[in-house]
Structure formats: C-alpha cells, structure tokens
Amino acid sequence: MLEIKQKARELLESGKAQVVIGYGKGPNNTTRAIFVRKPEDADKLVLDDTCVQNLALYIYKHEVRHFGKEAVVATLPVLRSLLQLASENQVKDNEIIAIAITPDNKVVELDSFAAIEEHVRLFNTGLTEDEKDLLKKINAMGLEERWAFWNKEFSKCIKCYACRQSCPMCYCPRCAAEVNQPQWIPVAAHQHGNIEWHIMRAMHLAGRCINCGDCARACPVDIPLNLLTYNLIEELNNEFKYTAGLSASQTYVLSTWKLEDKETFIR
Amino acid sequence: MVFRHLLGFSGVDLRRITFSWVSAAEGAKWADIVNSTSETIKKLGPYDSYHAVAGLKEKEAEYVGN
Amino acid sequence: MDTENKLLKKASLQKLIEKLNADGKKILAPVIKGKRVEFGLITSSDQMADDYIVTNQSVKSVAFPKFEKLFSYEVTKEGITQADTGYSTFPEFVILGARPCDANALGSIGAIFNWDYHDKLYFDRLEKTTMISTSCSKCDDYCFCTSAGGHPGSTKGSDIQLTRLETGDYFAEILTEKGKKLTSVSPDLFETAPSVDKSKYLAEVPVKFKVDEAVAKVKTVFENELWLDQSLRCIGCGACAFVCPTCACFDIQDETKGKNGIRLRCWDSCGLSLFTLHTSGHNPREVQSQRWRQRIMHKFAYMPERQNVTGCVGCGRCSRACPVDMNIMEHLINIVEVK
Ligand code: SF4
Ligand code: SF4
Ligand code: SF4
Ligand code: SF4
C-alpha cells in the first residue's frame, strides 16, 4: 500500500500524470474512488480487498480527463477494461498510466498496451468454479422455471441504469435504451420493458464484458445481472475460444468472421 | 447463435425462434425455412407466457411493492 | 383533532391486520427480500421485518409508482376517445411500519404535485392510503433526519404512530380522523394507554447541521468548485433519485398497439444525462457536476423557496443505494462549512 502511495506521489511530482484515479476511504469506513491531483494527497490512497469498483470508466469521464494525463490504480478488471476499450478505439496507446500489482505483490507502472497485455497474462481470466456452478443451476432449470425465475428478477428493476452507468463498456453517449425514433425498448419499468432492456444490455456486452461484476454490485435491487454476463462469457469461450479484454488489438468476435467458420453459427 | 443462447438462458422458448442465412439466390431455401418455422409455431399455439407480460392491458397493472 | 393515546397489544396487531384484510384493505409493510427490506403486501404480522433501519426503497410508490397509467385512448373513425384512470380503481392501502421520515416525505412530494397544478392521481391515491408509522428506536451512520427538520418520533404525515415498548406491545398515537376511522374496524383492540415517556424509546440521531443553515448556505454556493470535487466519482445513474422518498421527477411515455394506446408516467432523474437534453442537441447541464448541483439545489434551495418545504428528509437512502458511495450528509456538511 505504501508503494502505491509512493508511486502516485512520484507520478504527480514529476508531472508524468496530473491525476491519479485510485481508491480512498469515505466517512463510514467505506471504500470509494478518489482523484488525487496533489502529491501530498497521495497518502489518501488505499488498496485492499474492498477495492472492487472498476475504475476504468473514469478515464473517459469528461471532468476527469480535463485534469490532464491520467494514471489509474489498476486491478485486473481495470487492466482488462483498458485493453477492451483499446480494442474498441476508446483509448490510445501510452495515453493512460496503469499502476498495477504483480502476483507477488509488487507495484509496477504499465504505460503501454503491450505492457498491460503481458501483465494480464500472469493472471487467470476464466470464470471461477463458483461462477460456473451458478450458471449450471440456471441451465438445469426447465423452460417455464427459467422464464419465471428471470421474470421475478426483472420485475424488481426500477430502470435506474446504475448497472449501465457503472460499466466501463457502456460508454455510448446515447444508449439504445434511450433511442426513441424508433423506440426499441419501452421506457417504463414494467415487465415487458424490463425484459427487453436486460436482454438488450446483455447482448450489447457479449464478447465485451470483462467480468468485473460492477453491474451486479451497482444494482440497488440486487438483480443477479452477472449471471447473464457469465453465460455469455462461457458461450463465447466455448464456441469461439474468445475472451474479451486480453489484447488491445483483437477484433470484435461478433463482427468479424473467419473462412473456417461453419454456417451453423447462424441458427 | 450467441443471441439465441442468451434468449434460452433468459427463459425464452427457443422452438419459436429461427435465425438463418439466406442469399438472394436461394429462393427455395427461404420458402423451406418460412414454411417449417410457421408450421412449428402453429403447432405450438399462442405464446401465452410472453403475452402475459407484453399486452397493453397488463402494463396497466397496479404496481405494488418490490 | 386532538391526539388520542392508546395501547395496542402485540397480539392485537395481528388481529388488526386480519380485520383490515377482511375489510378489503391491502396492507403494505416492510418485509425481508434477500439482503434487502422492502415494502410488500402482508396478511400476517409474522411476515413483517423486525430488525431494520429503513426499507431500501421508499414508500412513495404507493402514491407515485415507478410507472403508472395516466389514461388510455383509442383512435376511432369519429376521433379519439379517452378513458381516464379512475379513482375507483385505486386500491385502499394501509401502510404499516413506515418510518417517520417516509411519512413526512409524502408531504414534500405533495407540495410539488400541488404547486402549479393539482395532480389528482397522486392525491387520489394518497387519500385512499392510511399511514401507520413506527417510530425509530435505532438509526445508522447514514440517518440525518434531525438535520433535515425531522426526528425519530415525528408524527408529521402519519395517521397513527406506533412506538414499541419493552413488552413488545405498542404505544399508539391516533393522530388524524383517518387514523381514528381505521381504529373503528375494531375499537376494542385499542386499549387505554398507560402513561408513556415516548422519548425514552427513540433513537438518538446526532444533529450534523441546522436545516435553516443548509438552506441559507446552499443559495450562496452555486458557483463553487465543491460541486466538481464532490461529484467526480458520481456515475450519473438514477439510483439515488429512485430510492429517494421525496424525488418526484417523471417522464411521460405513450405506448400503442394498433389503434389503442396508453399514456404512462415513469420515474426520471436529474442525475441522468438525457434529463435536460434538448432536441437541438444542446444540453444545459452538460456535465455531471452540474447535475449533482441541481440535485442538491432543488432539495435545499428551490423547494424551500417555491414550496416552503425542503426536498430531503434525511433518510440516507440515496447514500446507502449509491454504487459509488456518494454520501449526501457528508456533502451537505461540506456545503454548510463553506466560508
Ligand atoms: S457488464 Fe458488468 S461485469 Fe461486464 S464489464 Fe460491464 S459492469 Fe463489468
Ligand atoms: S441497476 Fe438494477 S434496477 Fe437499475 S436498471 Fe440496472 S437492473 Fe434495473
Ligand atoms: S435526498 Fe437522500 S437522504 Fe434526502 S430524502 Fe432523498 S434519499 Fe433520503
Ligand atoms: S449520486 Fe450515486 S446514485 Fe446518484 S447519480 Fe451519482 S452515482 Fe448514481
């Protein structure tokens, strides 16, 4: 933790970065994102198990970008988000400095996509066994049961869009849920509107979600949104051997094709 | 395929969904797909569990608690 | 009417619930839903959550649901026929166990819905609702009702208030005619009350600032960099507004099928970027700091000015629900401390 503070101070003092996006503490001993702009404030940074928010979404927030060059305290999900955003042309190489931790707990400064890619390879990026078990549970349900399960979950949705707003991959200035000519998705949080919203949201994250879990954590009514994304991660891995957020140059799996793709992928 | 999988995971009845790739030159294939799809759907009858949430009337339902 | 003090025995509460149900009333009370506590329909006192500070979502849905039909219409050869949503279709609700802040908050929404236009739907729904609140014996670090003009035993907005005694019985204050009418379904359940010092049973909610001070200060800091500092981590969702008992913004939507349509009112929030987006593409609140400022300004400057009430009752729900730990109490303290 001390090293993180030192690294942040160094970056700010040397002018290599004008803002360090990291984690700090709130009044009720909560953990929250903080934006350190003065070297003497680097002491406010913390890094522990409670630092779970995916900070990648702040790098393109207008007001944060405005401060100048950004450095970010980067957990694995943050790094994978950066690579995924890079592959979607949302960040440029050498634009962001990632302050990351190696598996043996050393602080490293990663300032190119190549360095981030190499770092990410040191970690396991597949679904955990627990995550796979949750999927199995849903898949084991019969059709009616599954429909009822999701209907019950979706009926709780109040369309606050915290799930979307917390997701680094949801950066569209105008979400498809808000396009109204034509209106694809009903605005009201009734059952029909909620089902369409959730299927649309999940589909738009297929092959892009890096499994940080923020959408589910953000939801004020505890809808298990991560189940939808686990499912897609698993499917893309099984069918195309594809995992999002591992490389800055990989092309989007659902918009590219290979000569050897079989026609059965459409059904 | 990915979308189909997602629908299935969400509890949508996949027997009612058909995706296919038909080139403009494949008229016969098109006819086959349309015929077989409409036949399956006819056999299955109305999709009651979907209509139960999608009609205008149902959207008027009194919202109580969460 | 003068308050009547009664005693409602623990066992009598169950009988009261049964009587009210038999009388055709729907009873909404805090129930446990997984990790959350929310208002839900109950038929027995066993279903009620026991140990909670406030429900995750507020009670406002009873009169201002997340979406509601305003009217339906049909396009015919002769023109358009319209059918209004009728008072008679609204259920009669009894809310059992809302907190004093929640009961108070319905008045704040009412002040908005009765400002330049009397919103009949809201008031009709409210008229068919009887509010039985329970005073708070506990609070947490997010509660600040005493800095927002309320307190844990405030009876404002309640028809009846229950305070639980050590015996498990309730000290019942019958506050309004509506409350009295409700007791008439079974008057014998409400027994003569012993003399009770209610304050003994109330939580001590520390006063963080004086509400007048906050109201006076907020007006002077419109151009201050604190809005930017506070809102850097805000991601611009609607969670805070949707759980808030006093947020009243809505969006109007039409849904049609063939020649039939319904017009719906749906919750909306000033925190969302599209809220102020004009058709021209211009957005007068372009960045999140302006939207955050609007949220606080509306509650602590504009509402006191226009409706003579504050738009915040200090329930702390927004802070508990916020995915990025925006803490309204902390931020208000910052504002009050501005020199
Ligand atoms: S969809 Fe959810 S889990 Fe996936 S990247 Fe977005 S916030 Fe993270
Ligand atoms: S965060 Fe939860 S309640 Fe809000 S829109 Fe997403 S799923 Fe719905
Ligand atoms: S602004 Fe927050 S604390 Fe105030 S009434 Fe609304 S939810 Fe409660
Ligand atoms: S304060 Fe929190 S809940 Fe409200 S808009 Fe910002 S991030 Fe969402």
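Trainee: Which helices of chain A each supply at least two residues of the shell around ligand 1?

Mentor: Two helices do: α8 (191-205) and α9 (214-218). Helices here are DSSP runs of H or I, at least four residues, numbered from the N terminus. A word on ground rules: this is a predicted model, where local features need pLDDT of at least 70 and side-chain atom pairs count only at pLDDT 80 or more, while totals for chains, interfaces and linings use all residues. Residues are numbered from 1 along each chain as written, chains are lettered from A and ligands numbered from 1 in the order written, and side-chain values use heavy atoms, without hydrogens and water.

Trainee: Which residues surround ligand 1?

Mentor: A residue is near a molecule if one of its heavy atoms lies within 4 Å of it. Around ligand 1 we find, among them, A:Cys167, A:Cys209, A:Cys212, A:Cys215, A:Arg201 and A:Asp214. The shell divides into 6 nonpolar, 3 polar and 2 charged residues. In this scheme Ala, Val, Leu, Ile, Met, Phe, Trp, Tyr, Cys and Pro count as nonpolar, Asp, Glu, Lys and Arg as charged, and the others, Gly among them, as polar.

Trainee: What does the side chain of A:Asp214 meet in a salt bridge?

Mentor: A salt bridge is a side-chain nitrogen of Lys or Arg within 4 Å of a carboxyl oxygen of Asp or Glu. A:Asp214 pairs with A:Arg217 at 2.7 Å, N to O. Both lie in α9 of chain A, 3 residues apart, about one turn of the helix. Over all chains, the count comes to 34 salt bridges.

Trainee: How many salt bridges are there between chain C and chain A?

Mentor: There are 4. In one of them, C:Asp229 reaches A:Arg37, with the closest N and O atoms 3.0 Å apart.

Trainee: What area is buried between chain C and chain A?

Mentor: The size of an interface is often given as the accessible area lost when the parts come together. Buried area uses a 1.4 Å probe and is summed over both parts. Here the value is about 3000 Å², and carbon and sulfur atoms give 58% of that. C:Lys66, C:Leu232 and C:Ile235 supply 20% of what chain C buries against chain A, more than any other three residues.

Trainee: How does the shell around ligand 4 divide?

Mentor: Into 9 nonpolar residues, 1 polar and no charged. C:Ile235 is one of the residues surrounding ligand 4, along with others including C:Cys234, C:Cys237, C:Cys240 and C:Cys322.

Key: Buried area = accessible area lost by both parts, 1.4 Å probe.
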